[in-house]
Amino acid sequence: MYSNKELYHFFVEQTWQLTENWYKNLDKTTTSGVYASNDPEVIQAVKQQNYEFHENFAEVFTKEKESFLADFEQWILKVAQDQEHAQTPIHFIIREFHRTQHQYLQLMTAFLDQNKDSITVEEVHTIYQTITDTMGYVIEWFTKEYNKSSEKRLHAQQELILELSTPVIALNKKTALLPLVGEIDTARAKILLEKTLEQCNRLGVNRLLLDLSGVVIIDTMVAHQIFQLIEALSLIGVKTNLSGIRPEVAQTAIQLGLKFDNIEVNSSLANSIKLAKI
């Protein structure tokens, strides 16, 4: 990487002023998220992050590439996973990266004006290329980590939603109810198997009323997994009562060759509750 200690020191001396100028010229009317906040703590935090970015970036003029990137990684990961930035659309964040690059190019011009007698044309091109190439790499790197963090949060939220969509409700000390509503896909069926077993074991029940009246469609794989759940429940001493099976769901089960021999089936949840003598 290009090394220039004079440029590095010139850069470092301007870091806080760069941050102040950046924030001063931030147009809050055309952005959102962390950049539009009026919370003093959020403002101070984003300015500190901006300042630390300048400090890290300046080291491109003194460090080898591997060392530079290793030190920069901490900032990238911290900000990409930051809650305030998570609520900021990525195109607004990228826009601020470009505004910062513009500041750096202005700073480079000021440095060259002061050192025009000692800087060659080749060095001018090298400095310009170093700034633009590094900024481009950092933007791509940040975007990748930002998307990874977003996908991780989304996955966690989806898992939470799936868990909440399989509530085992204790009706008394020995009986619980699991009302299923909506579409059941393979992912939800997997959570259904895991969480229902855990919750029935935790509640210490020996009977589960499994109501399918709110389920419109079940494919063959999901139907098979529901029967696997019933078999798994029997292994931990929980008897399952099925209710509300729609005709199309019943047809799927029959086509799969699934047996109802050891399962108590009722036409409605009301009948299941009545027969369970709750």
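Phe53 and Tyr104 are both buried, where buried means under 20% relative accessible area, exposed over 50% and partly exposed in between (1.4 Å probe, protein chains only). The two form an aromatic pair that is stacked, at 6.5 Å centre to centre and 10° between the planes. Rings of Phe, Tyr and Trp (its six-membered ring) pair if their centres lie within 6.5 Å; planes under 30 degrees apart count as stacked, over 60 as edge-to-face and the rest as tilted. Because Phe53 lies in helix α3 and Tyr104 in helix α6, the pair ties together parts that are 51 residues apart in sequence. Helices here are DSSP runs (H or I, at least four residues), as are strands (E, at least two), numbered from the N terminus.

A word on the origin of these values: this is a predicted model, in which local features need pLDDT of at least 70 and side-chain atom pairs count only at pLDDT 80 or more, while totals for chains, interfaces and linings use all residues. Residues are numbered from 1 along each chain as its sequence is written, and side-chain values use heavy atoms, with hydrogens and water left out.

How many aromatic pairs does a search of the whole structure find? The search gives 20. In one of them, the rings of Trp22 and Tyr35 have centres 6.1 Å apart and planes at 80°, so the pair is edge-to-face. Trp22 sits in helix α2 and Tyr35 in the loop between α2 and α3 (40-58), 13 residues apart, and the pair links distant parts of the chain. Trp22 is buried at a relative accessible area of 2%, and Tyr35 also counts as buried, at 5%. Tyr104 and Phe53 turn up again in one aromatic cluster, whose members include Phe11, Phe57, Trp75 and Tyr146.

| Helix pair | Axis distance | Angle |
|---|---|---|
| α1 (residues 5-13) and α6 | within 11 Å | roughly 125° |
| α2 (residues 15-24) and α6 | 11 Å | about 130° |

The crossing of α1 with α6 is right-handed, a crossing being left-handed if the near helix is turned anticlockwise from the far one by less than a right angle, and right-handed if clockwise. Glu6, Leu7, Phe10 and Phe11 of α1 make the contact with Tyr104, Leu107, Ala110, Phe111 and Gln114 of α6, contact meaning heavy atoms within 4.5 Å.

For α2, the crossing with α6 is right-handed. Here Leu18, Asn21 and Trp22 of α2 meet Glu96, Arg99, Thr100, Gln103, Tyr104 and Leu107 of α6.

Where is Gln101 found? Gln101 is in helix α6 (residues 90-114) and is buried, with a relative accessible area of 16%. Leaving aside neighbours within four places in sequence, Gln101 is in contact with Ile131, Thr132 and Met135.

Is Glu64 buried or exposed? At 55% relative accessibility, Glu64 counts as exposed, and it lies in the loop between α3 and α4 (65-80).

Methods: Axes are lines fitted to C-alpha atoms, for helices over the stretch in contact, and angles run from 0 to 180 degrees between N-to-C directions.
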